[in-house]
Amino acid sequence: MTKNAIVSEDLAKKFATEKESPYTRWVAAEGLDIISAHYVPSLQTVDLKPWARRGGKGVFINHEASRTSNDCYVCEIPPGKQLEPQRQLFEEMIYVLAGRGSTTVWNDAGKRVTFEWQAGSLFAIPLNAHCQHFNASGKDAARFVAVTNGPSVINLYEDVNFIFNTQYDFKNRFSGEPDYFDNKGEQKGLLLETNFVADAVNLPLIAAKERGAGGGHIRFNMAKGSMNSHISQFPVGTYKKAHCHGPGAHVIILSGEGYSLMWPEGEEPRRYEWEVGSMIVPPNMWFHQHFNTGTTPARYLAFKHEVVSIRNAQGVPKAWISKRLGGDQIDYADESPVVRSLFADALAKHNLESRMSDAYQAELADLPPKV
């Protein structure tokens, strides 16, 4: 079992004044809870509290491993209502979980852009731009999940008025371009530079054999921000290679059903079942591996801060590089036998069979020598 590193009360008291931070105090002042978890069964049904300042409901989901780099929150806009306008000196990426509506973004120069969204839409708010979200339905609530790099900014300045009320337009990020939130972008390798994706669930992907099992992948740079995100998909009866990276990647299931294994190196894996709307947040440098046990391709969205992506000298994330080469990805040939037996058992419960034989064979052609 994973050790929880609990120490004596005497030692804990020596660090008691350092337990809280400007960020955690700010969340408490907002009247909201922080769910300290690296697994949420359903973002669609997670409990929310009234969020007076925003005019909706919300909850933060942020475990200790990522609390100083980035955070995550779920927010709900009541039927026929809108959130209060706000601006902030940190970046934010948003995925719409349910409902439909619109968002207006504007700057101090008076340039204003409005765009519409629906469940499955993905977008980012430009740094320090004013924004306001509107629910287009008078009957149903709209719900979204967002990831920001707010903790580092709030901990740095510890001045809420400065962070949320500074009058400055970052013109290189947003200058009121009328087509800023059009469903378009420039593809550069795996990277799509865009500010809005109308339908992340059905967005075409690019082949990514390096991650195994014939999967697809696309990466995003949104609103010219320092944060990043990606979408991955893998076929029925398959699973991705295990890998690890830095803290703060929030993995949101967009389609399919299955489970993930997560573990710190040298310990036994823990299993987490998921479906559409589940979220997995791997702790710092824990290995994790995703398995499709459903009848449709499985797709997920990962929101993260750049500190997650430990890269080699060529700029390639080490999570994409074999451990045989000094990377942080476990080849199929080197995985524990329990991985395949667990997968076979899970498929059998759904009367499905593994389709991994081709993936195992294809890997052998490029497998580096084992050190």
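Arginine 53 is partly exposed, at 34% relative accessible area. On this scale, buried means under 20%, exposed means over 50%, and partly exposed lies in between, with a 1.4 Å probe and protein chains only. One caution before I go on: this is a predicted model, where local features need pLDDT of at least 70, side-chain atom pairs count only at pLDDT 80 or more, and totals for chains, interfaces and linings use all residues. Numbering starts from 1 along each chain as its sequence is written, and side-chain values use heavy atoms, without hydrogens or water.

Back to arginine 53. Its salt-bridge partner is glutamate 30, with the closest N and O atoms 2.7 Å apart. A salt bridge here is a side-chain nitrogen of Lys or Arg within 4 Å of a carboxyl oxygen of Asp or Glu. The pair links distant parts of the chain, 23 residues apart. Glutamate 30 sits in the loop between helix H2 (22-29) and strand E1 (34-35). Arginine 53 sits in the loop between strand E3 (49-51) and strand E4 (56-61). Helices (H or I, at least four residues) and strands (E, at least two) are DSSP runs, numbered from the N terminus. Glutamate 30 is buried, at 12%.

The rule gives 17 salt bridges. Arginine 87 is buried, at 5% relative accessibility. Aspartate 108 is partly exposed, at 38%.

Next, aspartate 331 and lysine 241. Their closest N and O atoms are 3.5 Å apart. These two are 90 residues apart in the chain. Aspartate 331 is buried at 4%, and lysine 241 is buried at 8%. Both belong to a network of salt bridges that also links Arg324, Asp334, Glu363 and Lys370.

Now the domains. Domain 1 covers 9-165 and domain 2 covers 187-365; such bounds come from an automatic or database assignment. Their C-alpha centres lie 26 Å apart. Domain 1 brings 34 residues to the contact and domain 2 brings 36, where contact means heavy atoms within 4.5 Å.

How much area do domain 1 and domain 2 bury between them? About 2800 Å², 67% of it on carbon and sulfur atoms. That is accessible area (1.4 Å probe) lost on putting the two parts together, summed over both. On the domain 1 side, His38, Met93 and Leu122 supply 26% of the buried area, more than any other three residues.

Which charges pair across? The rule finds zero salt bridges between domain 1 and domain 2. Polar contacts come to 12 residue pairs, both at pLDDT 80 or more.  A polar contact is a pair of N or O atoms within 3.5 Å; within protein, one must be able to donate a hydrogen and the other to accept it, and residues adjacent in sequence count only if both atoms are side-chain atoms. Several strands of domain 1 each supply at least two residues to this side, including E5 (71-77), E6 (92-98) and E8 (112-118).

Last, some local detail. Threonine 194 lies in strand E13 (191-194). Threonine 194 is buried, at 5%. Its side chain reaches the backbone oxygen of lysine 184 at 2.4 Å. Threonine 194 also touches alanine 223, among others. Alanine 223 has a positive phi, near 55°, and is buried at 3%. Methionine 285 has a positive phi too, about 60°, but is partly exposed at 31%.

Technical notes
Lists of a residue's contacts leave out its neighbours within four places in sequence.
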